[in-house]
Amino acid sequence: MIEVLNFGLAALILGLAVWTIVAREAPAAVVGFIVYGLLLTLVWVQLQGIDVALTEAAIGGGLTGVLLISAAVRLRSTESTARAQRPSASTRWLAAALSAAVTAALSICVLALPEPAPTLAPEVLANIAVTEVGNPITAVLLAFRAMDTLLEAIVLLFALIGVWSLAPDRAWGGRPGLLQQADPNGILAYVARVLPPIGIVAGIYIFWIGADHPGGKFQGATILAAMWLLVMMAGLADAPPISRRWLRWLLVAGPLAFIAVGVVGAVTAGAFLSYPQGYAKTLILVIEFALMPTLTLILGLMLLGAPQRGETS
Amino acid sequence: MKLFLDLWTVVAVVAGAFFFFAGTVGLLRFPDSLTRLHALTKADNLGLGLVVLGLLPQLDSVSAGLKIVGIWLLVLLSGATAAQWIARTLRQSGPGP
(Lines give C-alpha, C1' and ligand atoms only; values in the text may rest on other atoms or scores of the structure.)
Protein backbone atom coordinates (compact mmCIF):
# COMPACT_ATOMS: atom_id res chain seq x y z
CA MET A 1 0.00 0.00 0.00
CA ILE A 2 2.74 2.45 0.99
CA GLU A 3 4.59 1.57 -2.24
CA VAL A 4 1.59 2.72 -4.25
CA LEU A 5 1.65 6.03 -2.36
CA ASN A 6 5.41 6.45 -2.92
CA PHE A 7 5.08 5.63 -6.59
CA GLY A 8 2.22 8.12 -6.97
CA LEU A 9 4.26 10.78 -5.18
CA ALA A 10 7.27 10.22 -7.43
CA ALA A 11 5.10 10.32 -10.57
CA LEU A 12 3.41 13.51 -9.37
CA ILE A 13 6.76 15.21 -8.68
CA LEU A 14 8.17 14.26 -12.08
CA GLY A 15 5.02 15.45 -13.82
CA LEU A 16 5.02 18.70 -11.89
CA ALA A 17 8.72 19.27 -12.69
CA VAL A 18 7.99 18.90 -16.41
CA TRP A 19 4.96 21.18 -16.12
CA THR A 20 7.00 23.85 -14.28
CA ILE A 21 9.58 23.84 -17.08
CA VAL A 22 7.12 23.99 -19.98
CA ALA A 23 4.76 26.53 -18.34
CA ARG A 24 4.69 29.65 -20.55
CA GLU A 25 3.70 32.15 -17.86
CA ALA A 26 6.21 33.01 -15.14
CA PRO A 27 3.59 33.11 -12.30
CA ALA A 28 2.32 29.65 -13.31
CA ALA A 29 5.85 28.28 -13.26
CA VAL A 30 6.41 29.83 -9.82
CA VAL A 31 3.26 28.18 -8.45
CA GLY A 32 4.42 24.89 -9.93
CA PHE A 33 7.79 25.29 -8.22
CA ILE A 34 6.21 26.03 -4.82
CA VAL A 35 3.97 22.95 -5.03
CA TYR A 36 7.03 20.98 -6.14
CA GLY A 37 8.80 22.08 -2.93
CA LEU A 38 5.82 21.05 -0.80
CA LEU A 39 5.70 17.61 -2.45
CA LEU A 40 9.44 17.23 -1.86
CA THR A 41 8.68 17.85 1.81
CA LEU A 42 6.40 14.79 1.76
CA VAL A 43 9.20 12.78 0.15
CA TRP A 44 11.60 13.77 2.94
CA VAL A 45 8.99 12.76 5.52
CA GLN A 46 8.68 9.38 3.79
CA LEU A 47 12.49 9.04 3.92
CA GLN A 48 12.37 9.79 7.70
CA GLY A 49 14.34 13.01 7.15
CA ILE A 50 12.08 15.20 9.28
CA ASP A 51 14.74 17.90 9.75
CA VAL A 52 15.26 18.17 6.00
CA ALA A 53 11.50 18.14 5.46
CA LEU A 54 11.04 21.09 7.83
CA THR A 55 13.80 23.03 6.07
CA GLU A 56 12.41 22.22 2.64
CA ALA A 57 8.91 23.34 3.64
CA ALA A 58 10.14 26.55 5.29
CA ILE A 59 12.85 27.64 2.88
CA GLY A 60 12.30 25.63 -0.34
CA GLY A 61 8.53 26.00 -0.44
CA GLY A 62 7.98 29.13 1.67
CA LEU A 63 10.71 31.74 1.45
CA THR A 64 11.98 30.81 -2.01
CA GLY A 65 8.37 30.84 -3.19
CA VAL A 66 7.83 34.40 -1.96
CA LEU A 67 11.16 35.44 -3.51
CA LEU A 68 10.16 33.95 -6.87
CA ILE A 69 6.66 35.48 -6.75
CA SER A 70 8.11 38.96 -6.22
CA ALA A 71 10.59 38.32 -9.04
CA ALA A 72 7.74 37.23 -11.34
CA VAL A 73 5.72 40.34 -10.45
CA ARG A 74 8.71 42.54 -11.18
CA LEU A 75 9.33 40.82 -14.52
CA ARG A 76 5.69 41.09 -15.61
CA SER A 77 6.19 44.33 -17.55
CA THR A 78 9.08 42.93 -19.56
CA GLU A 79 7.70 39.45 -20.09
CA SER A 80 5.93 40.07 -23.40
CA THR A 81 9.01 41.69 -24.99
CA ALA A 82 11.19 38.90 -23.68
CA ARG A 83 8.87 36.33 -25.24
CA ALA A 84 8.80 38.19 -28.55
CA GLN A 85 12.54 37.73 -28.88
CA ARG A 86 12.46 34.03 -29.58
CA PRO A 87 15.96 32.52 -29.48
CA SER A 88 17.22 31.02 -32.71
CA ALA A 89 16.83 27.31 -33.43
CA SER A 90 20.54 26.63 -32.89
CA THR A 91 20.46 28.30 -29.45
CA ARG A 92 17.48 26.22 -28.45
CA TRP A 93 19.07 22.99 -29.68
CA LEU A 94 22.24 23.86 -27.81
CA ALA A 95 20.27 24.52 -24.61
CA ALA A 96 18.39 21.22 -25.03
CA ALA A 97 21.63 19.31 -25.61
CA LEU A 98 23.26 20.93 -22.58
CA SER A 99 20.26 20.15 -20.35
CA ALA A 100 20.18 16.54 -21.57
CA ALA A 101 23.90 16.21 -20.90
CA VAL A 102 23.54 17.53 -17.34
CA THR A 103 20.62 15.14 -16.72
CA ALA A 104 22.63 12.23 -18.12
CA ALA A 105 25.67 13.10 -15.99
CA LEU A 106 23.50 13.35 -12.86
CA SER A 107 21.79 10.04 -13.64
CA ILE A 108 25.14 8.31 -14.12
CA CYS A 109 26.40 9.73 -10.81
CA VAL A 110 23.30 8.60 -8.93
CA LEU A 111 23.32 5.13 -10.49
CA ALA A 112 27.05 4.72 -9.78
CA LEU A 113 26.67 5.40 -6.05
CA PRO A 114 28.08 2.52 -3.98
CA GLU A 115 25.56 0.23 -2.32
CA PRO A 116 25.22 0.56 0.65
CA ALA A 117 26.05 4.25 0.62
CA PRO A 118 29.09 5.25 2.70
CA THR A 119 27.88 6.75 5.95
CA LEU A 120 29.23 8.34 9.08
CA ALA A 121 25.90 7.96 10.86
CA PRO A 122 27.02 5.11 13.20
CA GLU A 123 30.02 7.19 14.30
CA VAL A 124 27.77 10.16 14.99
CA LEU A 125 25.48 8.00 17.11
CA ALA A 126 28.48 6.51 18.93
CA ASN A 127 29.82 9.95 19.84
CA ILE A 128 26.61 11.94 20.27
CA ALA A 129 26.79 11.63 24.08
CA VAL A 130 29.73 14.06 24.30
CA THR A 131 27.64 16.85 22.73
CA GLU A 132 24.80 16.38 25.26
CA VAL A 133 22.17 17.10 22.59
CA GLY A 134 19.61 14.48 21.62
CA ASN A 135 19.05 15.31 17.95
CA PRO A 136 21.86 13.83 15.81
CA ILE A 137 21.26 16.49 13.10
CA THR A 138 21.92 19.27 15.64
CA ALA A 139 24.97 17.39 16.91
CA VAL A 140 26.39 17.25 13.37
CA LEU A 141 25.50 20.85 12.50
CA LEU A 142 26.76 22.47 15.69
CA ALA A 143 29.43 20.12 17.01
CA PHE A 144 30.95 17.71 14.50
CA ARG A 145 30.64 20.02 11.48
CA ALA A 146 30.22 23.36 13.26
CA MET A 147 32.65 24.95 10.81
CA ASP A 148 30.20 24.38 7.92
CA THR A 149 27.38 26.01 9.87
CA LEU A 150 29.58 29.00 10.73
CA LEU A 151 30.51 29.49 7.08
CA GLU A 152 26.85 29.07 6.10
CA ALA A 153 25.83 31.90 8.43
CA ILE A 154 28.56 34.12 6.98
CA VAL A 155 27.54 33.24 3.42
CA LEU A 156 23.99 34.36 4.22
CA LEU A 157 25.37 37.69 5.44
CA PHE A 158 27.31 38.09 2.19
CA ALA A 159 24.16 37.27 0.22
CA LEU A 160 22.31 40.05 2.04
CA ILE A 161 25.15 42.51 1.27
CA GLY A 162 24.90 41.38 -2.35
CA VAL A 163 21.16 42.15 -2.37
CA TRP A 164 21.75 45.54 -0.76
CA SER A 165 24.45 46.41 -3.28
CA LEU A 166 21.72 46.56 -5.95
CA ALA A 167 20.33 49.71 -4.30
CA PRO A 168 20.38 52.96 -6.27
CA ASP A 169 22.74 55.56 -4.79
CA ARG A 170 20.00 57.89 -3.56
CA ALA A 171 18.28 55.09 -1.62
CA TRP A 172 21.41 53.75 0.08
CA GLY A 173 20.87 53.49 3.79
CA GLY A 174 17.12 53.81 3.32
CA ARG A 175 14.25 51.41 3.80
CA PRO A 176 14.01 48.27 1.67
CA GLY A 177 10.92 47.33 -0.29
CA LEU A 178 8.02 49.45 -1.40
CA LEU A 179 5.83 51.35 1.03
CA GLN A 180 2.77 49.21 1.67
CA GLN A 181 -0.49 51.07 1.84
CA ALA A 182 -2.75 48.24 2.84
CA ASP A 183 -6.28 48.76 4.10
CA PRO A 184 -6.04 48.92 7.93
CA ASN A 185 -9.40 47.15 8.12
CA GLY A 186 -8.60 44.68 5.36
CA ILE A 187 -8.31 40.94 5.69
CA LEU A 188 -4.50 41.03 5.43
CA ALA A 189 -4.21 43.44 8.37
CA TYR A 190 -6.52 41.12 10.33
CA VAL A 191 -4.35 38.07 9.67
CA ALA A 192 -1.21 40.10 10.41
CA ARG A 193 -2.65 40.75 13.86
CA VAL A 194 -3.97 37.24 14.55
CA LEU A 195 -1.25 35.02 13.12
CA PRO A 196 2.05 36.44 14.51
CA PRO A 197 1.41 35.50 18.17
CA ILE A 198 0.84 31.89 17.05
CA GLY A 199 3.72 32.00 14.58
CA ILE A 200 6.20 33.45 17.07
CA VAL A 201 5.40 30.73 19.61
CA ALA A 202 5.66 28.06 16.89
CA GLY A 203 8.97 29.48 15.63
CA ILE A 204 10.55 29.59 19.08
CA TYR A 205 9.17 26.12 19.86
CA ILE A 206 10.74 24.66 16.72
CA PHE A 207 14.01 26.40 17.58
CA TRP A 208 14.00 25.14 21.18
CA ILE A 209 12.92 21.58 20.40
CA GLY A 210 15.78 21.35 17.86
CA ALA A 211 18.22 20.24 20.56
CA ASP A 212 16.50 16.90 21.04
CA HIS A 213 13.96 16.51 18.22
CA PRO A 214 13.67 17.57 14.57
CA GLY A 215 13.74 21.35 14.34
CA GLY A 216 16.32 24.03 14.85
CA LYS A 217 17.31 27.61 14.40
CA PHE A 218 17.00 27.73 10.61
CA GLN A 219 13.43 26.47 10.49
CA GLY A 220 12.44 28.54 13.53
CA ALA A 221 14.06 31.68 12.11
CA THR A 222 12.22 31.18 8.82
CA ILE A 223 8.87 31.13 10.62
CA LEU A 224 9.78 34.24 12.62
CA ALA A 225 10.93 36.00 9.43
CA ALA A 226 7.65 35.05 7.75
CA MET A 227 5.68 36.61 10.62
CA TRP A 228 7.76 39.79 10.37
CA LEU A 229 7.20 39.94 6.61
CA LEU A 230 3.46 39.42 7.09
CA VAL A 231 3.26 42.40 9.46
CA MET A 232 5.24 44.55 7.02
CA MET A 233 3.20 43.43 3.99
CA ALA A 234 0.00 44.35 5.80
CA GLY A 235 1.36 47.86 6.36
CA LEU A 236 1.25 47.53 10.17
CA ALA A 237 4.98 48.16 10.49
CA ASP A 238 7.60 49.59 8.18
CA ALA A 239 10.91 48.00 7.27
CA PRO A 240 13.85 49.44 9.20
CA PRO A 241 16.34 51.62 7.28
CA ILE A 242 19.41 49.54 6.60
CA SER A 243 21.74 52.22 7.96
CA ARG A 244 20.48 51.68 11.55
CA ARG A 245 23.29 50.82 13.93
CA TRP A 246 21.24 48.26 15.94
CA LEU A 247 20.30 46.48 12.73
CA ARG A 248 23.92 46.21 11.60
CA TRP A 249 24.98 44.91 15.02
CA LEU A 250 22.23 42.28 15.11
CA LEU A 251 23.19 41.15 11.61
CA VAL A 252 26.77 40.37 12.67
CA ALA A 253 26.00 39.32 16.26
CA GLY A 254 25.30 35.66 15.36
CA PRO A 255 28.47 34.96 13.36
CA LEU A 256 30.57 37.02 15.84
CA ALA A 257 29.27 34.99 18.80
CA PHE A 258 29.93 31.80 16.82
CA ILE A 259 33.53 32.88 16.11
CA ALA A 260 33.99 33.94 19.75
CA VAL A 261 32.89 30.48 20.92
CA GLY A 262 35.31 29.01 18.38
CA VAL A 263 38.19 31.08 19.76
CA VAL A 264 37.28 30.08 23.32
CA GLY A 265 37.46 26.47 22.12
CA ALA A 266 40.89 27.11 20.59
CA VAL A 267 42.17 28.40 23.94
CA THR A 268 40.51 25.93 26.32
CA ALA A 269 40.06 22.75 24.28
CA GLY A 270 42.95 22.93 21.87
CA ALA A 271 41.17 23.47 18.55
CA PHE A 272 39.02 26.14 16.90
CA LEU A 273 35.32 25.37 17.50
CA SER A 274 35.95 22.44 19.81
CA TYR A 275 34.02 22.62 23.04
CA PRO A 276 35.59 22.04 26.47
CA GLN A 277 34.27 18.92 28.14
CA GLY A 278 31.02 19.40 30.03
CA TYR A 279 30.20 22.72 28.36
CA ALA A 280 29.23 21.42 24.93
CA LYS A 281 25.47 21.83 25.27
CA THR A 282 25.77 25.25 26.92
CA LEU A 283 27.99 26.55 24.14
CA ILE A 284 25.76 25.03 21.44
CA LEU A 285 22.80 26.85 23.00
CA VAL A 286 24.79 30.10 23.14
CA ILE A 287 25.52 29.82 19.42
CA GLU A 288 21.92 28.96 18.56
CA PHE A 289 20.53 31.83 20.65
CA ALA A 290 22.93 34.26 19.03
CA LEU A 291 22.26 33.00 15.51
CA MET A 292 18.46 33.03 15.79
CA PRO A 293 17.85 36.85 15.58
CA THR A 294 20.57 37.21 12.98
CA LEU A 295 19.04 34.54 10.76
CA THR A 296 15.54 35.96 11.20
CA LEU A 297 16.73 39.42 10.18
CA ILE A 298 18.82 38.18 7.25
CA LEU A 299 16.02 36.03 5.82
CA GLY A 300 13.44 38.80 6.22
CA LEU A 301 15.64 41.53 4.79
CA MET A 302 16.73 39.35 1.90
CA LEU A 303 13.09 38.94 0.85
CA LEU A 304 12.44 42.68 1.16
CA GLY A 305 15.24 43.30 -1.34
CA ALA A 306 17.44 46.29 -1.91
CA PRO A 307 16.66 49.67 -0.32
CA GLN A 308 14.41 51.64 -2.64
CA ARG A 309 13.39 54.75 -0.72
CA GLY A 310 14.82 57.17 1.81
CA GLU A 311 14.47 56.96 5.56
CA THR A 312 11.53 59.27 5.84
CA SER A 313 9.23 58.32 2.94
CA MET B 1 -15.41 0.09 20.77
CA LYS B 2 -12.19 -0.25 18.77
CA LEU B 3 -14.17 -1.46 15.77
CA PHE B 4 -16.57 1.46 16.09
CA LEU B 5 -13.70 3.98 16.23
CA ASP B 6 -11.97 2.39 13.23
CA LEU B 7 -15.25 2.50 11.34
CA TRP B 8 -15.63 6.19 12.22
CA THR B 9 -12.10 6.87 10.91
CA VAL B 10 -12.77 5.12 7.62
CA VAL B 11 -16.11 6.88 7.10
CA ALA B 12 -14.83 10.35 8.01
CA VAL B 13 -11.60 10.12 6.02
CA VAL B 14 -13.43 8.80 2.97
CA ALA B 15 -15.95 11.64 3.29
CA GLY B 16 -13.03 14.10 3.58
CA ALA B 17 -11.40 12.62 0.50
CA PHE B 18 -14.72 13.02 -1.33
CA PHE B 19 -14.79 16.75 -0.52
CA PHE B 20 -11.20 17.12 -1.74
CA PHE B 21 -12.18 15.31 -4.93
CA ALA B 22 -15.31 17.41 -5.39
CA GLY B 23 -13.36 20.60 -4.68
CA THR B 24 -10.77 19.66 -7.28
CA VAL B 25 -13.42 18.84 -9.88
CA GLY B 26 -15.09 22.19 -9.12
CA LEU B 27 -11.78 24.01 -9.43
CA LEU B 28 -11.25 22.50 -12.85
CA ARG B 29 -14.82 22.67 -14.16
CA PHE B 30 -16.54 25.76 -12.70
CA PRO B 31 -16.95 28.67 -15.12
CA ASP B 32 -15.54 31.70 -13.27
CA SER B 33 -13.07 32.61 -10.54
CA LEU B 34 -15.59 33.21 -7.75
CA THR B 35 -17.29 29.83 -8.14
CA ARG B 36 -13.89 28.15 -8.43
CA LEU B 37 -12.92 29.84 -5.16
CA HIS B 38 -16.11 28.48 -3.61
CA ALA B 39 -15.19 24.95 -4.71
CA LEU B 40 -11.66 25.31 -3.37
CA THR B 41 -12.71 26.39 0.12
CA LYS B 42 -14.89 23.31 0.47
CA ALA B 43 -11.80 21.12 0.11
CA ASP B 44 -9.96 23.14 2.78
CA ASN B 45 -12.73 23.50 5.32
CA LEU B 46 -14.82 20.35 5.09
CA GLY B 47 -12.33 17.98 3.46
CA LEU B 48 -9.45 18.63 5.83
CA GLY B 49 -11.84 18.96 8.77
CA LEU B 50 -13.34 15.52 8.17
CA VAL B 51 -9.89 13.98 7.70
CA VAL B 52 -8.75 15.54 11.01
CA LEU B 53 -11.90 14.41 12.84
CA GLY B 54 -11.49 10.94 11.36
CA LEU B 55 -7.87 10.65 12.47
CA LEU B 56 -8.50 11.87 16.03
CA PRO B 57 -9.41 8.41 17.50
CA GLN B 58 -6.24 6.90 15.99
CA LEU B 59 -3.86 9.19 17.94
CA ASP B 60 -2.30 7.98 21.14
CA SER B 61 -2.05 11.28 23.03
CA VAL B 62 -4.26 14.30 23.68
CA SER B 63 -1.47 16.72 22.73
CA ALA B 64 -1.16 15.09 19.28
CA GLY B 65 -4.90 15.52 18.82
CA LEU B 66 -4.70 19.19 19.85
CA LYS B 67 -1.86 19.66 17.37
CA ILE B 68 -3.77 18.36 14.36
CA VAL B 69 -6.89 20.30 15.36
CA GLY B 70 -4.61 23.36 15.61
CA ILE B 71 -3.31 22.65 12.10
CA TRP B 72 -6.88 22.48 10.83
CA LEU B 73 -7.71 25.84 12.44
CA LEU B 74 -4.60 27.43 10.92
CA VAL B 75 -5.50 26.08 7.48
CA LEU B 76 -9.03 27.46 7.95
CA LEU B 77 -7.57 30.88 8.76
CA SER B 78 -5.15 30.93 5.84
CA GLY B 79 -7.71 29.51 3.42
CA ALA B 80 -10.33 32.07 4.41
CA THR B 81 -7.77 34.88 4.15
CA ALA B 82 -6.58 33.86 0.71
CA ALA B 83 -10.15 33.41 -0.55
CA GLN B 84 -11.20 36.84 0.80
CA TRP B 85 -8.15 38.46 -0.71
CA ILE B 86 -8.60 36.91 -4.15
CA ALA B 87 -12.32 37.71 -4.14
CA ARG B 88 -11.68 41.34 -3.16
CA THR B 89 -9.05 41.73 -5.89
CA LEU B 90 -11.52 40.25 -8.39
CA ARG B 91 -14.27 42.66 -7.35
CA GLN B 92 -11.97 45.67 -7.60
CA SER B 93 -10.72 44.66 -11.05
CA GLY B 94 -14.34 44.26 -12.25
CA PRO B 95 -16.12 41.25 -13.71
CA GLY B 96 -13.84 39.06 -15.73
CA PRO B 97 -13.15 35.44 -16.52
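Here are some worked exercises on the two-chain model above.

The model is predicted, so local features need pLDDT of at least 70 and side-chain atom pairs count only at pLDDT 80 or more, while totals for chains, interfaces and linings use all residues. Residues are numbered from 1 along each chain as its sequence is written, and chains are lettered from A in the order in which they are written.

**Exercise 1. Find out which helices and strands chain A and chain B have.**

Step 1: Know what counts. Helices are DSSP runs of H or I with at least four residues, strands are runs of E with at least two, and both are numbered from the N terminus.

Step 2: Do chain B. This one has 3 helices and 0 strands, so its pattern reads α-α-α.

**Exercise 2. Work out how helix H2 and helix H3 of chain A pack.**

Step 1: Pick the two numbers you need. Two packed helices are described by the angle between their axes and the distance between the axes. The axes are lines fitted to C-alpha atoms over the stretch in contact, and angles run from 0 to 180 degrees between N-to-C directions.

Step 2: Read them off. H2 (residues 26-46) and H3 (residues 50-84) of chain A make an angle of about 175°, and their axes are 8 Å apart.

Step 3: Name the arrangement. Angles over 145 degrees count as roughly antiparallel, and H2(A) and H3(A) are therefore roughly antiparallel to each other.

Step 4: Sort the residues of their contact: 17 are nonpolar, 6 polar and 2 charged. (Nonpolar covers Ala, Val, Leu, Ile, Met, Phe, Trp, Tyr, Cys and Pro; charged covers Asp, Glu, Lys and Arg; the others, Gly among them, are polar.)

**Exercise 3. Decide whether Gly220(A) and Leu150(A) are buried or exposed.**

Step 1: Set the cut-offs. A residue is buried if 20 or more other C-beta atoms, placed from the backbone, lie within 10 Å of its own, exposed if 12 or fewer, and partly exposed in between.

Step 2: Take Gly220(A), in helix H9 (residues 217-233) of chain A. Gly220(A) counts as buried because there are 26 C-beta neighbours inside 10 Å.

Step 3: List its contacts (C-beta atoms within 7 Å). Leaving aside neighbours within four places in sequence, Gly220(A) touches several residues, including Ile204(A), Phe207(A) and Met292(A). Ala58(A) is 162 residues away along the chain, yet the two C-alpha atoms are separated by 8.8 Å.

Step 4: Repeat for Leu150(A), which sits in helix H7 (residues 146-164) of chain A. Leu150(A) is buried too, with 21 other C-beta atoms within 10 Å. Beyond the neighbours within four places in sequence, Leu150(A) contacts Pro255(A), Phe258(A) and Gly262(A).

**Exercise 4. Describe how the domains of chain A meet, then how chain A meets chain B.**

Step 1: Find the domains. Chain A is divided into domain 1 (1-78) and domain 2 (120-313), with bounds from an automatic or database domain assignment.

Step 2: Look at their contact. Domain 1 of chain A brings 10 residues and domain 2 of chain A brings 11 residues. The domain 1 side has 7 nonpolar, 2 polar and 1 charged residues.

Step 3: Move on to the two chains. Their contact takes 5 residues from chain A and 4 residues from chain B. On the chain A side there are 5 nonpolar, no polar and no charged residues.

Note on methods. Two residues are in contact if their C-beta atoms, placed from the backbone, lie within 7 Å. Angles under 35 degrees count as roughly parallel, over 145 as roughly antiparallel, 65 to 115 as roughly perpendicular and the rest as oblique.
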